[in-house]
Amino acid sequence: MKLLLVRHPKPDVKAGLCYGDMDVPLVKGWQTHAQALKASLNLEYDNDKTRCYHSPLSRAALLANHISDGQSQSVDALREMDFGHWEGLCWSDIPRQEMEIWASDIVNENPFQGETLQAVADRVWQWWLSVKDEPMDACVLVAHSGVIKVLVSLLCEWPLSKCFRIDVDFTSVSEFSIQGEWVSLKRLGAGDWFLNTSEQSSE
């Protein structure tokens with residue numbers, strides 16, 4: 001099975017805003033990249049060979065429904081991490097002491113009174129276990145930076161405490177090949193789909 005992890009397009013928010021579980025709008029013109037991504041993936045969403053799942057937050061749902069022609073399924077477990085009372089604040093305005101507490105154990109601490117990273121990992125992994133053995137050739141997941149970093153770390157058996165080192169840009173694709181217990185990472189946070197599509201259109 002091919003597993004494709006797609007991050008949502010860039011949101012229309014001020015720089016440095018903490019917007020984990022907040023529902024925020026997308027930048028104007030996001031459909032242009034979405035259409036290029038859809039053309040690059042070139043998948044038929046028939047629920048037997050290919051399925052698409054997405055976070056219920058609109059920034060992921062809009063992209064998922066665009067590339068799947070409305071065939072994507074909303075999954076609450078794929079929401080971004082809940083940053084509690086940090087939501088809507090600029091990262092620079094968060095008390096330094098709270099940031100230091102979080103940094104001391106990024107997996108288990110939550111001075112913001114939201115979700116811990118471990119809680120996000122638990123819900124995402126439980127969802128994955130519930131679908132991974134279903135018969136399909138391709139599984140597309142449209143979600144958020146935190147969710148993708150966590151799932152990549154779990155599939156690769158990398159330390160969850162280091163997942164922040166993984167860079168997944170907006171509308172990027174991370175790809176796995178999965179055969180039973182065998183997991184192979186093919187692409188990580190790649191935006192080459194856009195370059196390839198642009199090159200083809202100019203030929």
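Colleague: What are the ground rules for numbering and confidence?

Modeller: The model is predicted: local features need pLDDT of at least 70, side-chain atom pairs count only at pLDDT 80 or more, and totals for chains, interfaces and linings use all residues. Residues are numbered from 1 along each chain as its sequence is written, and side-chain values use heavy atoms, with hydrogens and water left out.

Colleague: How do I read the sheet, and what is its strand order?

Modeller: Strands of a sheet pair through backbone hydrogen bonds, either parallel or antiparallel. Helices (H or I, at least four residues) and strands (E, at least two) are DSSP runs, numbered from the N terminus. Two strands pair if DSSP finds at least two bridges between them. Here six strands form an open sheet in the order β3-β2-β4-β1-β5-β6. The pairing is mixed.

Colleague: Which are the edge strands?

Modeller: They are β3 (73-74) and β6 (182-190). Each pairs on one side only. Strand β3 runs parallel to β2 (residues 50-54), and two bridges join them.

Colleague: Which strands does helix α2 lie across?

Modeller: Contact means heavy atoms within 4.5 Å. Axes are lines fitted to C-alpha atoms, for helices over the stretch in contact; angles run from 0 to 180 degrees between N-to-C directions. Helix α2 (residues 58-67) lies across β1 (2-7), β2 and β4 (138-143). Its angle to β4 is about 150°.

Colleague: How many salt bridges are there?

Modeller: The test is a side-chain nitrogen of Lys or Arg within 4 Å of a carboxyl oxygen of Asp or Glu. The count comes to eight. One of them joins Arg79 and Asp21, at 3.0 Å from N to O. Arg79 sits in the loop between β3 and α3 (96-104) and Asp21 in the loop between β1 and α1 (30-41), so the pair ties together parts 58 residues apart in sequence.

Colleague: How exposed is that pair?

Modeller: Buried means under 20% relative accessible area, exposed over 50%, and partly exposed in between (1.4 Å probe, protein chains only). Arg79 is partly exposed at 21%. Asp21 is partly exposed at 22%.

Colleague: Where does the Glu175 and Arg187 pair sit in the chain?

Modeller: Their closest N and O atoms are 3.1 Å apart. Glu175 is in strand β5 (residues 173-179) and Arg187 in strand β6, twelve residues apart. Glu175 is buried at 14%, while Arg187 is partly exposed at 22%. There is also a network: salt bridges with shared partners join Asp21, Asp76 and Arg79.

Colleague: What volume does the largest pocket have?

Modeller: On a 1 Å grid over the protein atoms alone, a pocket is an open set of points where a 1.4 Å probe fits, with protein on both sides within 12 Å along at least five of seven lines; lining residues have an atom within 4 Å of a point. The volume is the space filled by probe spheres set on the points. For the largest pocket that is about 530 Å³. Of its 23 lining residues, the closest to the centre are Glu80, Phe83, Trp91, Ser145 and Gly146. Helix α5 (residues 145-156) gives the most to the lining, with three residues.

Colleague: Is Gln113, with its positive phi, buried or exposed?

Modeller: Gln113 is exposed, at 63%. Its phi is about 60°, although it is not a glycine. Gln113 lies in the loop between α3 and α4 (117-131).
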